[in-house]
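Please read it alongside the sequence and the coordinates.

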Amino acid sequence: MTDTNDKLRSLFLTALMVTSVVAVGVSFTGAAAADVANDTGTYGTISAATDATPVDGEAGSTDSHSFAIAGIYLEDGETETITIDTSDAADAGLEISGTDSVEIIGAGEGLFKSDVTVEEADDEEVVLSVSVDGGVKGGYFVPQIKYDNVDNAESDASATHEVTATGDADDTPYTAEVDYRILQDVRSDAIFKSGNTYDQTVFHGETVRFEHSADTQSTQYDNVQIEIFEYDSDDTRGTRVKSLNTGTLADAIDFDTSQLDTGQKYVVAINEDSDGVTNEVNPLRVTELGLSANATDTSITTEDEFEADVSADAPNEEFTYRLLNSDGDVVELANGDDAEFTETYDGSGAAEISFNPAADEDLGTGNYTIEVEDTSTGITAQTDTIEVTEAGDEEATFAGNGFVTEEVGDVARIPVELSNTDEATLVIGSEDQNYIANVHVEDGDDDGEVTVLFNSYAAGADQSDQYNIVEAEADDDEASLQTQTGDFRENYPTANYDPYTGTKAPSGNLLAVADYDMNVTAGTYSLSDDDEYTDPDAVGGLSLQERSTDQVSLWISPDGDDYSDLETEDINVRIGSNLTQTDEVAEGDYAVHAIEATGIEGALEVARGSDDVRSLLYDNADYQVHFKIEQADPGPNADADRINLHEGNSYLVSDPENDTYYVAVDMEELEYVDANKWGGNSEPTGDVTDGDELTANFTVRGQSVLSDDDSEMVYADYETVERDATLNDGDDVTVRAQSGQQISGETSVAPGSEVTVRIRSTDTDEPFQLTPETEVDEDGTFTVGGDFSDVNPGTNFTAQTRVNGDETGDSVDGVVREAEGADVTFSDQESDGSTVTVDSANLGTGGFIAVHAGDASGDIVGVSDYLESGSQQDVEISLDEELDESATLVAMPHMDTNDDEAFDYNGSDTDAPYTESGVPVTDSAEITVGDTGTETATPTATATPEETETVTPTATPTPEDDTGGDTPTATTEGEGPGFTAVLALVALVAAALLAVRRDD
């Protein structure tokens, strides 16, 4: 009986599929129990006849699966311990919250559900205890395990529970394996079912699900075949790229699309089973999500935020972002929560994310990354490593020496520098100065600098959207006024109370000319009443000085310019080129009025801004200053009419750092209005015409806060003139039939204007047209160049100036004459590398010889002095850089087209090369760099001029010269002093030796 009992105590384990739906209960009848007995076979054999139901991530936040453990044989009072290993589930991201997550949902044969107790349950294992009352031959029970966070599940083709019976009843442990499937939570658009034929698009790297479409509650399909083919056309199948099988665990399988190619289309065929014949077609497109996460800064301190920019091709979709430590684990925040948050891409698929500084969340220094997970697809991306180091001490200082000087009424620019902090408190003034402004400063772009703009004109008024007493110069930074205190603020006049905003408006009073204290401190501090912060990081000062009204000067600018959106630096660049001082303005050009005055910037900003001309025209700079243009001399007993200036014909460009304000007026089609009916509805009284004398007037109003006394006025008088141009002083023009010919003129249009001279043949048998362009010089003159080398001499033409396409001035007649020729001879020679010598040249009208490196198109490496017309001999030319090795150089004669005897050629028609048949005249030479020969001794005896004669000695050949050819000769000219009888004797001796050699 003992042997029999041992066998009866043996544990027989198997797995029976029941259900995967939590809400569905399971009961086992006697018939079911008999089936179990039949399936399990001989007692004591370990096997797994069926499988556990799958865990489905699509089920929501929780799901469960169940399986049967059969072959339990215990005697009365015996207990068996059974352990179920759940580590595979934990590895897939599933969680078991405790013993309440395990329920015994069925038992049979000799067991009841009450015979099984759940002792322990966690993410790694479930421990069950089985005990019975009364003798029992055998039985089974069905545990159901519920998992949390199944929507975070990672799919697994085959997971396993290892079930172990410890053998408490017979000291013999038994084990069995239960296989099951874990399915991931995937979006509905990424589920491919048999029977679907419409195109579906998924992101590369996204997990998709292939499943049979049958009702799994009633019919189970095992071994479903899935085949993926390349797409050819019309949904036809190309090459097979993947073959899958769901196996016996379920009729669905998850698939990682990283195995497919981005941008491709595929055909998915799903069969019923291994013997099925259906081949439903599912067109599958794979595209790129483009998920990226880029850290704003990869080197930060413990006081800086973690920041990143996120983008994906999924606008308005949801994503999760996490802060990970160097081990890749989600960090824990100071409140105990994980550093994990959910956000949504904006309409363009972008987002900005951040985490609090490490110091705020009790995080240490080290390396971190930010991980982003797209909610729909599960695709993730990470930033580069973000290194966090310990932050230094917080400090705020002033840039430079901390002292700022400005005229009262202007906007002071106060530069604040911040270290290891983004915020600071700036204090302007003191109790002794009866004015204190407390300003909060914030560095929004993390560059460590904030320039605070302090409007000394608006100080004392109430800060509002319109009246900015302080603001930050950069858009990303912030400067906000916290409080203003002191007698100046308390006694600020209420007469300027603005009933619309309920605030004290500016222009009630002006800060006194004085030196004001300043200090700055890291962090944010609230000053109470007149108390200053007593321990600042840095101190400085603001010196407000007397303002002044200086002058108005007139400048002109071409009508092709655009002043509607100019910056200060654009104006400064134009001065001297497209902006020229004058007292005459041509119709259509811009009259640019440079107002030089200090202390008016603040008033302009309060009106409409210092970049809006209406601040000077209509709103009169908060009724402090005004600009107008009127008739200079209206005649006796008449008021001067004003020019109707408005934002359509006038523009304001401010340069407050230089206390200059440019009012640009488009002089085309200006109208006068009656000075006594000034206003937007005034009727025009006439047009501004050529010859009108005008006066530009800038006024600082008397009895205003900017001028306690009489009005301050400055003027600029000027005259409007006709748009005109004259070519060649009105005389006929003569050019040569060659390139580099120039025609000059003068005009009344603004310097910098683009001018075209249209040159057109008047001979019908010799048609040609040229349209050279140039710009008007500062003195009002212009010169164009033309290439007439293809025009036959004797051809007549006319030349007409055009400005902006309009004919300007009278045309002149012209004729093409014969070309002036040139030639040049440049021989091979030895040189010390610093100079070369051109043998000869003939320049028809004079000019220069340029030396080019390599060939005629090479760089110019040397130019002769100016050469008169006619023949030139032995022209020595210094090279710009000394040659250090032998080289080929090219000599090229150039004209002096502008008659200034200076070489001005820069690739244009000015001082162009002499040409022949349209090709520059040149000659080349090989220059050998080295020893140029033995120095010649200077004889002491000098012959008189009457004794001077020329002797041509014959050079003596070297011993190696036995070719029998003509003997080279060298010519020496003996003109003038220095050719003595000694040299003659040397020559005679040389000749005699040669004769002796020939006799031999």
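Ile226 stands opposite Ile270 in strand E17, which comprises residues 265-270. The model is predicted, so residues are used for local features only at pLDDT of at least 70 and side-chain atom pairs only at pLDDT 80 or more, whereas totals for chains, interfaces and linings use all residues. Residues are numbered from 1 along each chain as its sequence is written, and side-chain values use heavy atoms, with hydrogens and water left out.

Strand E14 (residues 225-231) runs antiparallel to E17, and five bridges join the two. Strands are DSSP runs of E with at least two residues, numbered from the N terminus, and two strands pair if DSSP finds at least two bridges between them. E14 also pairs in the antiparallel sense with strand E15 (residues 237-245), over six bridges; here Glu227 stands opposite Ser243. Five of the seven residues of E14 are buried, and the strand is thus mostly covered. Buried means under 20% relative accessible area, exposed over 50%, and partly exposed in between, with a 1.4 Å probe and protein chains only.

E63 pairs with strand E71 (residues 923-929) in the parallel sense over three bridges, and the bridge partner of Ser831 in E71 is Val929.

The other sheet has three strands in the order E62-E64-E67, with antiparallel pairing. Its edges are strand E62 (822-825) and strand E67 (870-878); each has a single partner strand, so one side of each lacks a neighbour in the sheet. The twist averages 25° from one strand to the next. Eight bridges join strand E64 (residues 835-843) to E67 in the antiparallel sense, and Thr835 stands opposite Ser878 in E67.

Two individual residues follow. Ser557 lies in strand E40 (residues 549-557) and is buried, with a relative accessible area of 0%. Its side chain makes polar contacts, listed below; a polar contact is a pair of N or O atoms within 3.5 Å, where within protein one must be able to donate a hydrogen and the other to accept it, and residues adjacent in sequence count only if both atoms are side-chain atoms.

| Side chain | Partner side chain | Distance |
|---|---|---|
| Ser557 | Asp561 | 2.7 Å |
| Ser557 | Tyr563 | 2.8 Å |

Val700 is placed in strand E50 (residues 693-700) and counts as buried at 0% relative accessibility. Val700 and Val625 are 75 residues apart in sequence, yet their C-alpha atoms are 4.4 Å apart in space.

A cavity is a set of points, on a 1 Å grid over the protein atoms alone, where a 1.4 Å probe fits but cannot get out; lining residues have an atom within 4 Å of a point. There are two cavities of 30 Å³ or more, and about 60 Å³ of space lies in the largest cavity. Its lining includes Val585, Met667 and Thr720, and the lining residues divide into four nonpolar, two polar and three charged.

Conventions:
Helices (H or I, at least four residues) and strands (E, at least two) are DSSP runs, numbered from the N terminus. On a 1 Å grid over the protein atoms alone, a cavity is a set of points where a 1.4 Å probe fits but cannot get out, and a pocket is an open set with protein on both sides within 12 Å along at least five of seven lines; lining residues have an atom within 4 Å of a point. Grid points are joined across faces, edges and corners, and a volume is the space filled by probe spheres set on the points. Ala, Val, Leu, Ile, Met, Phe, Trp, Tyr, Cys and Pro count as nonpolar, Asp, Glu, Lys and Arg as charged, and the others, Gly among them, as polar. Axes are lines fitted to C-alpha atoms, for helices over the stretch in contact, and angles run from 0 to 180 degrees between N-to-C directions.
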